[in-house]
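Colleague: I am new to this structure. Could you walk me through how to read it?

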Amino acid sequence: IFDEALAELQQALQLDPLAPLLNRHVAEFHRSSGNLEKSMEASRKLLELAPTWIWGHINTGHVYFALGEYDQAEQWVKRANEIRTTFMGDRLLVLSSLCRGRMDQAVEFSKRWASPHSRQGLPIAGVACLWAGNEAKAREYLESALRIEPRGHHPFFPTVWHYAIVFGYL
């Protein structure tokens, strides 16, 4: 199915090679399928086409994260956040901080999205607090996330479900 999807994207790009949205999807497709080199190429093209659109910066950050180059990943996400702060960028900052053992920094990044109504932010905040050793705060965030999404499913961060199991909620 990946080959078919890529063929469709490439056909669409032939019709409109300067479309930032199509280039974004190509970059994300290659990253998701593990082809980081092609993802980086597509991200660079996206940055050329739309330098003030955050997705070229964020995808570049994701590629560097996948390569284990966390400093580079953070730099690209911070560039995106200078344009517009997004959950996707901050999520990568949280994960990068967690991977480097910077628990307090991860918790700080996650707080921006820990509103009582955030389906996206509450799971991230909960996981960051759990990794930082603050189980009480982690429970609070994850319980709130489960009230919003009782089945524990979340399209951006399915780990809510896993931690809900760990804490005995599901």
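**Reading the helices**

Modeller: Start with the order of elements. Along the sequence, the protein runs α-α-α-α-α-α-α-α-α-α. That is 10 helices and zero strands. Keep in mind that this is a predicted model.

Colleague: Then how much of the protein is scored with confidence, and where is confidence lowest and highest?

Modeller: The protein averages a pLDDT of 79, and 79% of the residues score at least 70. Confidence is lowest in helix α10 (residues 159-166), with a mean of 52. Helix α3 (residues 36-49) has the highest, at 95.

Colleague: What share of the residues counts as buried?

Modeller: Of the 170 residues of the protein, 45% do. Contacts give another view. Take those between residues at least 6 apart in sequence: 48% of them join residues at least 24 apart.

Colleague: How do I read a pair of packed helices?

Modeller: Two numbers describe packed helices: the angle between their axes and the distance between the axes. Helix α1 (residues 2-15) packs on helix α2 (residues 20-32) at an angle of about 155 degrees, and their axes are 10 Å apart. That angle makes α1 roughly antiparallel to α2. The contact uses F2, A5, L6, L9, A12 and L13 of α1. From α2 come L22, N23, H25, V26, F29 and H30. The crossing of α1 past α2 is left-handed.

Colleague: At what angle do the axes of α4 and α5 cross?

Modeller: At roughly 165 degrees, and the axes of helix α4 (residues 54-66) and helix α5 (residues 70-83) come within 7 Å. Angles over 145 degrees count as roughly antiparallel, so α4 is roughly antiparallel to α5. On the α4 side, the contact is made by I54, H57, I58, T60, G61, Y64 and F65. On the α5 side, it is made by Y70, Q72, A73, W76, V77, R79, A80 and I83. Here too, α4 passes α5 in a left-handed crossing.

Colleague: Pick one residue from that contact. Is Y64 buried or exposed?

Modeller: Y64 sits in helix α4. Buried means under 20% relative accessible area. Y64 has 13% relative accessibility, so it counts as buried. Set aside its neighbours within four places in sequence, and Y64 is in contact with M40, R44, E69, Q72, A73 and W76. Y64 and W76 are 12 residues apart in sequence, yet 8.8 Å apart in space, C-alpha to C-alpha.

Colleague: And what is the relative accessibility of S39?

Modeller: S39 is at 0%, so S39 counts as buried. It lies in helix α3. Leaving out residues up to four places away in sequence, S39 touches A27, H30, R31, N59 and V63.

Colleague: What should I know about nonpolar cores?

Modeller: In soluble globular proteins, nonpolar side chains tend to be buried together. In this model, the largest nonpolar core has 17 residues. Those with the most contacts inside it are V94, L98, A106, A128, C129 and Y141.

Colleague: Which helices each supply at least two residues of this core?

Modeller: They are α6 (87-99), α7 (103-111), α8 (121-131) and α9 (135-148). The most comes from α8, with six residues.

Colleague: Take C129 from that list. What does C129 touch?

Modeller: C129 touches V107, N134, K137, A138 and Y141, not counting residues up to four places away in sequence.

Key: Residues numbered from 1 in each chain as written. Predicted model: local features only at pLDDT ≥ 70, side-chain atom pairs only at ≥ 80, totals over all residues. Heavy atoms only, no water. Core = buried A, V, L, I, M, F, W, Y, C linked by side-chain atoms within 4.5 Å. Buried < 20%, exposed > 50% of the residue type's maximum accessible area, 1.4 Å probe, protein only. Helix = DSSP H or I, 4+ residues; strand = E, 2+ residues; numbered from the N terminus. Contact = heavy atoms within 4.5 Å. pLDDT = per-residue confidence, 0-100. Axes fitted to C-alpha atoms, helices over the stretch in contact; angles between N-to-C directions. Parallel < 35°, antiparallel > 145°, perpendicular 65-115°, else oblique. Left-handed = near helix turned anticlockwise from the far one by under 90°.
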